[in-house]
Amino acid sequence: MESPRPKRGIVVFGGGTATNSLVDIFNELRESRECTLSYVIPISDNGGSSSELIRIFGGPGIGDLRSRLVRLIPSSDSNTDLAATKALFNYRLSSDADQARAEWLEIVDGRHDLWEKISSEKREMIRSFFNLVNLEILKRTRPSSTFHFGRAAVGNLFLTGARTFSGSLESAIYLLSQICSIPPSTAVLPAINTNFTHHISAGLADGTVITGQNAISHPTEPTALAGTNAAREDPDAEDHELVEDANLPGSLLTLRKPYIEFSKATEEDLPARIERLWYINPYGNEIHPRANPKVISAIEQASAVVYSIGSLYTSIVPSLILRGVGAAIANSGVRHKVLILNSSLDRETSGASFTATDFVLAIARAGAESQGAFEPDSKLAEVRRYVTHLIYLDGEGAPVVDRAALAEYGVDCVRVYGRRVGGVLRYDEAGLAKTLEVVLGRLEMGRSRRNTKQ
């Protein structure tokens, strides 16, 4: 008797905070369909505490990976150990560097209150990696370069210690997954499985080139918009060449600076629309990395791909332009390719003229570029190979949805009723969950009229 064939899974493309708000919905979808669920997360972030880890250790940006892994810890009122583990790995040190360092040493020594409800065996295992990363920080300390503990995420320090010990990013992710009791049917996959740093650049319609994800998404200083030449002419460039850290000599100054403090609340609009995104090496030259083979495998074994809410050009597109991803999405057995449209525009999509159609075309263009095709929008005749459905909210501040224009591309649009939280339009969890079930073929549309509208 033949064993039943495993059900095809779901692959979700997205970044950190925004997609974290939908994790419970995706978990319910996985359980109802009894399938696997894979989150594909870019590793190009060079902002926040990740920027300091990259400066000292090199390696990929791990903040969003850690954030998703900890968010996936199963909720349990009775399991105080898991709840305490979640609090530990989510904890951020003080913004004051000296206070943060003192607090970090309390954690390393096992004296911090965060350890109180964590079992002794788990505590000592975690502490072993904290001690390792602390030793590596001390070894890398120089008069010109001291690690800044301010705002450091404890979970990021753990992942760095695990990666340093094993020499493998995916091994570090596996270890944290086990500690967090993440079910084997759920996977967190780095878009690129690497021990090296990968940066991105964005080209704007006015010819401006923005280097580094932090500068694209939420710059911390006006000079973050400067192009490659301006970065090389910075008067501090010579001083930075004297700093002994993990950056290669001659690498772009804008990629060497730490960006620990930033605020998305005060971000300014881009001077022009983003036309294209690409990966660069430390010297600013364009490169074309290959995607993590496990990402390709997950797509090829999936029945649905979901492009989640979040920053279009720094949370979704960096994964789609990798070699192998576009072809896997376009040519595999993935039946449903669903874009959950943001409820508002951000810095990366600033300007009222950026519509839902622009979101869809940006995704299709990224999939085409993954295969070496740099075609203008007018030639993207096969948009449906990358996006089949659009789920959206209709309200003040939301991107405009031209259903007729999207229908010409073969994209089906489904409106979901949302709710306002603090004046901000949000997806209603029950409505979005039912809509996804409808789109993926589990429910009849007539049963969900209350929450969706064709």
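1. Confidence. The protein chain has a mean pLDDT of 88, with 87% of its residues at 70 or more. Residues 222–233 have pLDDT below 50; this stretch still makes 19 contacts in the model beyond near neighbours in sequence. Residues 443–454 also have pLDDT below 50, and there the corresponding number of contacts is 30. Where pLDDT is low, the predicted coordinates should not be read in detail. I would keep that caveat attached to the contact numbers of both stretches.

2. Overall content. The protein chain contains 19 helices and 14 strands. Of its 454 residues, 55% are buried. Among contacts in the protein chain with a separation of 6 or more, 75% are between residues 24 or more positions apart. The accessible surface of the protein chain is about 19800 Å², and carbon and sulfur atoms account for 48% of that surface.

3. Strand β1. This strand covers residues 9–13, and five of the five are buried, so β1 is largely enclosed by the rest of the structure. In a regular strand the side chains alternate between the two faces of the sheet. In β1, Gly9, Val11 and Phe13 are on one side, Ile10 and Val12 are on the other, and both faces are covered.

4. Partners of β1. Strand β8, residues 302–307, runs parallel to β1 and is joined to it by five bridges. Phe13 has Tyr307 in β8 as its bridge partner. Strand β2, residues 37–41, also pairs with β1 in the parallel sense, over four bridges. Here Val12 is opposite Tyr39 of β2.

5. Thr186 and strand β3. Thr186 belongs to strand β3, which spans residues 186–190. What is the relative accessible area of Thr186? The value is 8%, so Thr186 is buried. Leaving aside residues up to four places away in sequence, Thr186 touches Arg30, Leu37, Tyr39 and Leu72. Tyr39 is also the residue of β2 that stands opposite Val12.

6. The four-stranded sheet. A separate point concerns an open sheet with strand order β5-β4-β6-β7 and antiparallel pairing. Its edge strands are β5 (209–211) and β7 (286–287), each of which pairs on one side only. Which helix packs on this sheet? Helix α15, residues 312–320, does so, touching β4 (199–204) and β6. The direction of α15 makes about 60° with that of β6.

7. The β6 and β7 pairing. Strand β6, residues 274–280, runs antiparallel to β7 and is joined to it by two bridges. Tyr279 has Ile287 of β7 as its bridge partner.

8. Leu255. This residue lies in helix α13, residues 253–256. Its relative accessibility is 7%, so Leu255 counts as buried. Not counting residues up to four places away in sequence, Leu255 touches Asn46, His199, Thr211, Gly212, Asn247, Ile280, Asn281 and Pro282. The C-alpha atoms of Leu255 and Ala215 are separated by 9.7 Å, with the two residues 40 apart along the chain.

9. Positive phi at Glu34. Phi of Glu34 is near 50°, a positive value in a residue other than glycine. Glu34 sits in the loop between α2 (23–33) and β2. Is Glu34 buried or exposed? Its relative accessibility is 59%, so Glu34 counts as exposed.

10. Positive phi at Ser181. Ser181, which is not a glycine, has a positive phi of about 60°. Its place is the loop between α9 (169–179) and β3. With a relative accessible area of 39%, Ser181 is partly exposed.

Notes
Residues numbered from 1 in each chain as written. Predicted model: local features only at pLDDT ≥ 70, side-chain atom pairs only at ≥ 80, totals over all residues. Heavy atoms only, no water. Pairing = 2+ DSSP bridges. Contact = heavy atoms within 4.5 Å. Axes fitted to C-alpha atoms, helices over the stretch in contact; angles between N-to-C directions. Buried < 20%, exposed > 50% of the residue type's maximum accessible area, 1.4 Å probe, protein only. Areas by Shrake-Rupley, 256 points an atom, 1.4 Å probe, with all protein chains shown as cover. pLDDT = per-residue confidence, 0-100.
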